[in-house]
Amino acid sequence: SIEDAVAVLDEVLSRIRRGDAAPTLDILNTLIRECGRAGGVVGGVFTVLDMMAEADLTPNHDTYEAIVQAVVAGVDFEKSCAAMADLPTPERPIPEVVFVGRSNVGKSSLVNMVLNRKQLASTSETAGHTRTFDYYRCNRNRTDGRPEFYLVDVPGMGFAENVSRGMQDSWR
């Protein structure tokens, strides 16, 4: 249950803060996974990440995988938008997470990693592959405490040589 996970999290974090236990990356990754098993105790995930920073521990692949599993319980492709006028208008405001950067730096791969999917967002070695704003709706109608949000894959800016100037202007 969420209450059990919070109690375990509080106990372990108290022991670490008192100096009764040393924070190790394995212990903290396990705590993040437990937050997910309890139904997305998202606040607990951020508490553990703060502990990692305080202990000067560098997150690893297991950390990122645990975060994804704790925070994202479901994802649906919502919509591709070629122009700002086409952006979704949900029935209520939903936060949007957007990774912005140059073309061909791995934004779509990062979206796939965050959503724990291998090929949800299309990837390519060719600059300018992502030509639309692609909306992925995470945790739609969840009641377990996981937040609902959009993760948006956007075109890169800078080296999209294969994209017309008109298309690039429609993104602005």
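Helices (H or I, at least four residues) and strands (E, at least two) are DSSP runs, numbered from the N terminus. The model is predicted, and local features need pLDDT of at least 70. Residues are numbered from 1 along each chain.

Helices H3 (42–54), H4 (61–71) and H5 (107–114), together with strand E4 (149–153), each supply at least two residues of the lining of the largest pocket. Because domain 1 (2–71) and domain 2 (75–170) both contribute lining residues, this pocket lies between them; the domain bounds come from an automatic or database assignment. The lining comprises 15 nonpolar residues, with no polar and no charged ones (nonpolar: Ala, Val, Leu, Ile, Met, Phe, Trp, Tyr, Cys and Pro; charged: Asp, Glu, Lys and Arg; polar: the others, Gly among them).

Helix H3 also packs with helix H2 (residues 25–37), at an angle of about 170 degrees and with the axes 9 Å apart (axes are lines fitted to C-alpha atoms over the stretch in contact, and angles run from 0 to 180 degrees between N-to-C directions). H2 is therefore roughly antiparallel to H3 (over 145 degrees; under 35 is roughly parallel, 65 to 115 roughly perpendicular and the rest oblique). The residues of this contact (heavy atoms within 4.5 Å) divide into 10 nonpolar, two polar and no charged.

Definitions and conventions: Predicted model: local features only at pLDDT ≥ 70, side-chain atom pairs only at ≥ 80, totals over all residues. Heavy atoms only, no water.
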